[in-house]
Amino acid sequence: MRRVVILGATGSIGTTCLNYLRNSNPGFLLVGATAKRSREKLESIGKEFNCPVLLTSPIETSSLSSFLLSTKPDIVLNAVSGADGLFASVTTIDCGIDLALSNKESVVMGGSWIFSYAEKKNVKIIPVDSEHSAIYNLLKGHEAQSLVITASGGPFVDRMDLENVTVSEALNHPTWKMGKKITIDSATLANKGLEVIEASFLFDMEAKDIEVTVHRQSIVHSLIRTKEGAVYAQLSPPDMTLPIVSALSDGKIELENVVRPLSFSDLTLTFESPDTKRFPLLQSAYRALEIGGAAPIAYNAADEVAVAAFMEERISFKDISRIVGSVIEMDCFKSPVFDYSSTMEMDRIARKEAEKLI
């Protein structure tokens with residue numbers, strides 16, 4: 001039995017994981033759960049799964065660390081959203097526990113130092129994003145020369161005028177049901193930009209070797225190209241259950257029928273280039289990697305601030321990309337960062353600069 005703790009148990013990833021644990025007999029045992037809010041929901045989870053829970057708001061290092069050490073999990077699913085997820089990842093690594101990582105901000109902000117720290121602590125970081133999960137598993141059998149990450153294109157893939165986009169329109173994703181922030185990011189393609197940055201650090205790939213293609217059906221989750229010229233892909237229905245459970249198992253539990261098998265009797269798959277003029281945040285992610293240093297941290301922080309302002313109707317949809325693009329070019333973000341404290345200082349500065357622009 002594989003012992004699991006879920007950090008962020010009341011969000012979309014945490015809920016999907018709980019549904020699997022609830023409705024299957026998978027060889028997993030939930031031994032703990034946390035959330036920042038929703039005390040009532042969290043306590044209900046504790047009662048249903050007969051496990052301890054922790055409300056981590058405000059987060060304290062000692063309380064989360066003590067919680068993890070007392071529950072003794074084999075693996076932790078970090079489903080915390082936003083920059084707060086980096087704290088959860090570092091605390092998990094501190095405790096020497098393997099990490100199933102849904103929080104892409106941990107990698108975008110932590111860059112190479114978080115992997116060095118995990119290696120020092122003998123901790124595995126296993127990606128949960130469907131795109132990175134696909135690549136992670138494809139690389140077990142093949143050596144990649146380059147990566148191809150798929151994007152659904154979001155709700156505005158065919159909309160030319162994006163100046164007057166409303167919040168409700170941006171939250172209407174055609175394929176995935178997700179939290180509000182990631183749904184807005186999918187509409188701007190910032191989510192794909194974050195995934196490009198994440199893939200660069202996760203798989204030690206240069207930006208030039210990471211390609212994005214718009215694949216509206218969300219059936220092909222990612223592809224790898226080998227030096228021979230072959231392309232290998234992972235296909236499955238647009239369901240986060242498989243990448244979550246695959247990361248929790250990491251080959252230690254035999255999985256069966258996690259998602260329904262695809263039927264090829266009536267299946268259409270299309271691919272097209274993303275429009276970086278209408279969706280400049282994707283190109284800004286490549287620019288952040290080119291700048292290096294703290295620019296990826298600034299990209300994430302400025303985007304979080306701008307998205308929040310858009311949802312409060314303080315700025316327009318297109319202002320999000322303008323703000324992020326301006327912040328990452330500031331000279332203060334060109335210097336490298338080497339640890340958690342300096343990373344969070346750069347995050348603080350980027351948020352302050354984004355607020356000034358707003």
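Tutor: We start with a single side chain in this predicted model: Lys72 has a relative accessibility of 60%, and because exposed means over 50%, Lys72 counts as exposed. Lys72 is found in the loop between α3 (61-71) and β4 (75-78).

Student: Is Asn300 buried or exposed, and which residues does Asn300 touch?

Tutor: Asn300, whose place is in helix α12, has a relative accessibility of 0% and therefore counts as buried. Leaving out residues up to four places away in sequence, Asn300 touches Ala83, Glu105, Val108, Met109 and Leu194.

Student: How should I read a nonpolar core, and which residues touch the most other members?

Tutor: In soluble globular proteins, nonpolar side chains tend to be buried together. Here the largest nonpolar core has 118 residues, of which Leu77, Leu147, Leu248, Tyr299 and Phe310 touch the most other members. Helix α12 (residues 295-311) supplies the largest share of this core, with eleven residues. If we take Leu77 and set aside its neighbours within four places in sequence, the contacts are with Val5, Ile6, Leu7, Ile13, Cys17, Ala100, Val128, Ile244 and Leu248.

Student: How many aromatic pairs does a search of the whole structure find, and how are such pairs described?

Tutor: A pair of aromatic rings is described by the distance of the centres and the angle of the planes. The search finds two pairs in the whole structure. Phe156 and Phe317 form an edge-to-face pair, with 5.4 Å from centre to centre and 85° between the planes. Phe156 lies in the loop between β7 (146-151) and α7 (167-170), whereas Phe317 lies in helix α13, so this pair ties together parts that are 161 residues apart in sequence. Phe310 and Phe317 form the other pair, again edge-to-face, at 5.7 Å centre to centre and with 70° between the planes. Phe156 and Phe317 are buried, as is Phe310, and these three residues form one aromatic cluster.

Student: Which residues of helix α8 are buried, and what do they pack against?

Tutor: In α8 (residues 180-188), the buried residues are Thr183, Ile184, Asp185, Ser186, Ala187 and Thr188. The buried residues of α8 pack against α7, α9 (190-202), α11, α12 and α13.

Student: At what angle do α11 and α13 pack, and which residues make the contact?

Tutor: Helix α11 (residues 280-291) and helix α13 (residues 317-328) pack at an angle of about 10°, with their axes 10 Å apart. Angles under 35 degrees count as roughly parallel, and α11 and α13 are therefore roughly parallel to each other. The contact is made by Pro280, Leu281, Ser284, Arg287, Ala288 and Ile291 of α11, together with Ile320, Ser321, Val324, Gly325 and Ile328 of α13. By residue class, this contact of α11 with α13 divides into seven nonpolar, three polar and one charged.

Key. Residues are numbered from 1 along each chain as its sequence is written. This is a predicted model: local features need pLDDT of at least 70, side-chain atom pairs count only at pLDDT 80 or more; totals for chains, interfaces and linings use all residues. Side-chain values use heavy atoms; hydrogens and water are left out. Axes are lines fitted to C-alpha atoms, for helices over the stretch in contact, and angles run from 0 to 180 degrees between N-to-C directions. Helices (H or I, at least four residues) and strands (E, at least two) are DSSP runs, numbered from the N terminus. Angles under 35 degrees count as roughly parallel, over 145 as roughly antiparallel, 65 to 115 as roughly perpendicular and the rest as oblique. Contact means heavy atoms within 4.5 Å. Ala, Val, Leu, Ile, Met, Phe, Trp, Tyr, Cys and Pro count as nonpolar, Asp, Glu, Lys and Arg as charged, and the others, Gly among them, as polar. A nonpolar core is a set of buried Ala, Val, Leu, Ile, Met, Phe, Trp, Tyr and Cys residues joined through side-chain atoms within 4.5 Å. Buried means under 20% relative accessible area, exposed over 50%, partly exposed in between (1.4 Å probe, protein chains only). Rings of Phe, Tyr and Trp (its six-membered ring) pair if their centres lie within 6.5 Å; planes under 30 degrees apart count as stacked, over 60 as edge-to-face and the rest as tilted.
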